Amino acid sequence: MTWSEVPPIPASLSSATMAAPVDIGSLLRSELIEDALYKDEGVCVLGVFGKSAMQAGSAKEALINILADKHVFPLLGAEEAGGPDGGGSIRAYYSQESRVLYLVLTSVFDNRQLLRACERLSSGLGHAEAHEFWKGAEKEHCLQLLFLFSLCHVLLLVHPTCSFDITYDRLFRALDGLRQKALPLLRGAIKDCPVAKEWKMNCRPCPPRLLFVFQMNGALRVHSGSGLGGNGIDGGGGDKPKKHSPRRRLQHALEDQIYRIFRKSRVLTNQSSNCLFTVPANQAFVYVVPGPDEDPISSLLGQLRANCALRENDAGTPIPGPRRYQQMRHSNRQPSFNVENSGFSSSGGQLVDCTLKEFLWQHVELVLSKKGFDDSVGRNPQPSHFELPTYSKWAHVACRLHQVMIENSEDELSLKVQGQMKVLEGFLDADAKFSENRCQKALPLAHSAYQSNLPHNYTTTVHKNQLAQALRVYSQHARGVAFQRYAVQLHEDCYKFWSNGHQLCEERSLTDQHCVHKFHLLPKPGEKPEMDHNPPVLYHNSRGRSTSSCNCGRKQAPREDPFDIQAANYDFYQMLEEKCCSKLERINFPVFQASTPDPAPACDEATRPADVAPSGDADRLKEKETVTHTPGDSTGLSLALSLGQSTDSLGPYGEGAEGHEKRPSVDRQASTVEYLPGMLHSGCPKGLLPKFSSWSLVKLGPAKAYNSLTGLEQPGFLPGSAFLLPWDVVIRSRSEDDAGSIEALDGGPSSWPAPNKAPAGKRGSSGGIGRGRRRDDVARAYVGFEYEDSRGRRFLSSGPDKIVKVLGQGGAKEPATRALNSDMPLYIPSPAQGRGIKPHYAQIARLFVVVPDAPLEITLSPQVQPGPPPCPVFHPEQAEVVLPPDGLWVLRFPYAYVTDRGPCYPPKENQPLASFRVLKGILRANTASSPPQ
């Protein structure tokens, strides 16, 4: 806004003398109509700032009422106004008769304004945010002070106590530094103003003279009974009376103290033109306002007692009547403390203290008389510039400086001045400076704590643990408002250190081992690994190696720790199959057959949550656990088999037990467009198949390929643990007990005859099947659950907690009934433990089944739950497989189990092994109909 763009003149400013104080912005935006008598005369600008207490009459505005001899400002502060955001404000009062313009600065250093600012603070504001709020108010106060120092001739610092506040030394040094930085910008702001060249060069009419006004707070109150008279004269000791009163001596002591402090800190120098302000060398610049001796009630009571009491040393005859009362009143009167109509007091020749107006007006008259201030000292004092402007010229300069310094405008010059506020931080923000120094010293200690005992590459978990340790060390040493900012910097520094070549690949293998490479990319199909690339292009590697056997178990080879399901359950076995078991007869499980060139994996929306198994599968599992065969059930199954129906037509899980609901007779046809990205389990949607099978079922040879006396002749088996368990299944002819019905046998107790009792249909025979004699109605199969550890050591198990151990020849004597009727553990402790503390587990790898050449059908239905609930149940792509007779079949279990939510890791030390299990009912024996004759 230019000087010509001022708004209309308010009525309150058009009078010759302002009736009430107004805000400085309103005054400068208005055109004050001056009387012609005073229009061309100069004006003295008097600025008032400082602190004020809540006591009545102690505010800075009350001093203006004394100086102007008018009730200008309200005594109780009812009309006191601050800035719009709780900051300070400058209010002006112009007295044309005395040619003095009063500028009163109100800020958060005044208690009333401080309380209002506290009310505006929200209760949830943090320590750092509250600190920023107060420092912002303090910086605004400094700008307003610089505005006063650039426009005033005389400045009055008001303090509510009678001791000097040492923080003003730091404040004035900060203002001096800010003024030196902003001086070129301020020169550009007032270069077109109608003032003298010296004013434009120094950006002020003269070096302002600073005066100090202190309030007497009772610390040096003089009592008449304490040895001193009421006017400061020693009362009873016979000492020589002092020339100056205690108040004047206090003023002289404060002057000496203030001058010495400012000279030491170089706020005051010999040349006044180079200083922020000056103090007179031969005039008083400190005034102490006398406070009330005591409260009014105590004073009235004291006077009442004094008037009514009779003096003890009163001589002469007593005077009766009213004259005696008047004599007592006159005799008890004390002389006044201040006698302002004479230069000396009535007793002792003591100098009389001057009034506040007399103290101030001697400096104002130097301004109005255009003599100026000659406050330079030293051998070669240089005179300072001085100019007494008219009100219009002063208002022109003040308007420009107000726009640049006070108004938060988007002007380029104003923004540059605001940018110089950083100079104040080193002077004013002592607590923030201390906090930054403490935090900066704590950062190296925190960095050392973070980097202690670190490997070259490490994972996110290690990074977070080390960062937490570093933050603990940092919090022990760091203090103050900069704590949070440097804590964020510590977090960023630690992350930068970690990500700059120390970040370990976060991928974990299917056996829960981390990749040992630093952060890298995986090669694309057909791309070769590149170590020099940034980041490097490498395959995952945990440096973990194990030994595993092929599908049939006849060949062992080392393998790398797998990171994906195809490498774990398919690629390794395909590689060994080419060398060993590629020519063996096998039963292939159904896999995805694409009908489009670019098939897509099934979307997650169609996938059922793996946490909850389907209700049908849950019912089926419950039925499996409580299965009991009845002749009627076997009759239905035998009838179905006799009609040429396969067990697949009985549903996805064949009904070998009593069921509560009927299964559909036809499975849903597998999709040829979408494939299952992982393994098949109970939580997968129906009709989806994977691209490859994680299971394998091969035939090693006919049933006679297994010799029960020598066991399995394959590598890796522990001595005496390669013998399969016998499984004798009773076979009854059609013509005996139940014509047309064949009993279904699953190895349960119902399929075994009583001890020492001959089976039905063989009268007169003696001995049981357990005596080594084979009956024509009993078929012997062999079953073996093979476990294999990471070192390639293999053994067979005869139960959940027992390992097959055969000493000598003769084969295993324990039947397979216990193993078939129990949930077999998926992991058991290896009998050959290592030297480490961590337990070494062996995992179920294969199921050996010898199917005899007999009218018997053995149905294979493997189900694995590789974790505690809600882990799903895994099964092959064909839920039930009927093993053809006369064969040695090998079912290879998956090496790893993966759901859509991630891999099912091997058990930890604190996890029970019973939660990782192969569900019972994996084999079911059913008698088959006799072939047609």
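The legends below describe close-up views of a predicted model.

Residues are numbered from 1 along each chain as its sequence is written, and side-chain values use heavy atoms, with hydrogens and water left out.

**Figure 1. Overview of the protein.** The protein contains 20 helices and 29 strands; these are DSSP runs numbered from the N terminus, with helices being H or I of at least four residues and strands E of at least two. Of its 933 residues, 46% are buried. Here buried means under 20% relative accessible area, exposed means over 50%, and partly exposed lies in between, with a 1.4 Å probe and protein chains only. Among contacts in the protein with a separation of 6 or more, 73% are between residues 24 or more positions apart; contact means heavy atoms within 4.5 Å.

Figure 2. An open sheet of 7 strands has the order β1-β3-β4-β2-β5-β6-β7, with mixed pairing. Two strands pair if DSSP finds at least two bridges between them. The edges are held by β1 (22-23) and β7 (286-289), each with a single partner strand, so one side of each has no neighbour in the sheet. Helix α7 (residues 246-264) packs on this sheet and touches β6 (209-215) and β7. The direction of α7 makes about 135 degrees with that of β7. Axes are lines fitted to C-alpha atoms, for helices over the stretch in contact, and angles run from 0 to 180 degrees between N-to-C directions. Within the sheet, β3 (residues 89-95) and β4 (residues 100-106) are antiparallel partners joined by 7 bridges. Ser 89 has Thr 106 in β4 as its bridge partner.

**Figure 3. Surroundings of Gly 42.** Gly 42 lies in the loop between α1 (24-29) and β2 (44-50). Its relative accessibility is 13%, so Gly 42 counts as buried. The C-alpha atoms of Gly 42 and Pro 389 are separated by 5.0 Å, although the two residues are 347 residues apart along the chain. Apart from neighbours within four places in sequence, Gly 42 is in contact with Arg 99, Leu 368, Leu 388, Pro 389 and Thr 390.

**Figure 4. Packing of helix α4 against helix α5.** Helix α4 (residues 127-149) packs against α5 at an angle of about 70 degrees, and their axes are 10 Å apart. The two helices are therefore roughly perpendicular to each other; angles of 65 to 115 degrees count as roughly perpendicular, those under 35 as roughly parallel, those over 145 as roughly antiparallel and the rest as oblique. From α4, the residues Cys 142, Leu 143, Leu 145, Leu 146 and Phe 149 meet Leu 171, Phe 172, Leu 175, Leu 178 and Arg 179 of α5. By class, this contact of α4 with α5 has 9 nonpolar, no polar and 1 charged residues. Ala, Val, Leu, Ile, Met, Phe, Trp, Tyr, Cys and Pro count as nonpolar, Asp, Glu, Lys and Arg as charged, and the others, Gly among them, as polar.

**Figure 5. Packing of helix α5 against helix α12.** The axes of α5 (residues 167-189) and α12 (residues 412-419) come within 10 Å and cross at roughly 160 degrees. This makes α5 roughly antiparallel to α12. Leu 185, Gly 188 and Ala 189 of α5 make the contact with Leu 413, Lys 416 and Val 417 of α12. By class, the contact of α5 with α12 has 4 nonpolar, 1 polar and 1 charged residues.

Figure 6. Asp 512 is not a glycine, yet its phi is positive, near 70 degrees. Arg 543, likewise not a glycine, has a positive phi of about 60 degrees. Asp 512 counts as buried at 13% relative accessibility, whereas Arg 543 counts as exposed at 66%.

Figure 7. An open sheet of 3 strands runs in the order β19-β28-β23 with antiparallel pairing. Its edge strands, β19 (824-825) and β23 (864-866), each pair on one side only. The antiparallel strands β19 and β28 (residues 916-918) are joined by 2 bridges, and Met 824 stands opposite Val 918 in β28. Pro 869 and Pro 870 are joined by a cis peptide bond with omega of about 10 degrees. Pro 870 is in the loop between β23 and β24 (881-883).

Terms used. This is a predicted model: local features need pLDDT of at least 70, side-chain atom pairs count only at pLDDT 80 or more; totals for chains, interfaces and linings use all residues.
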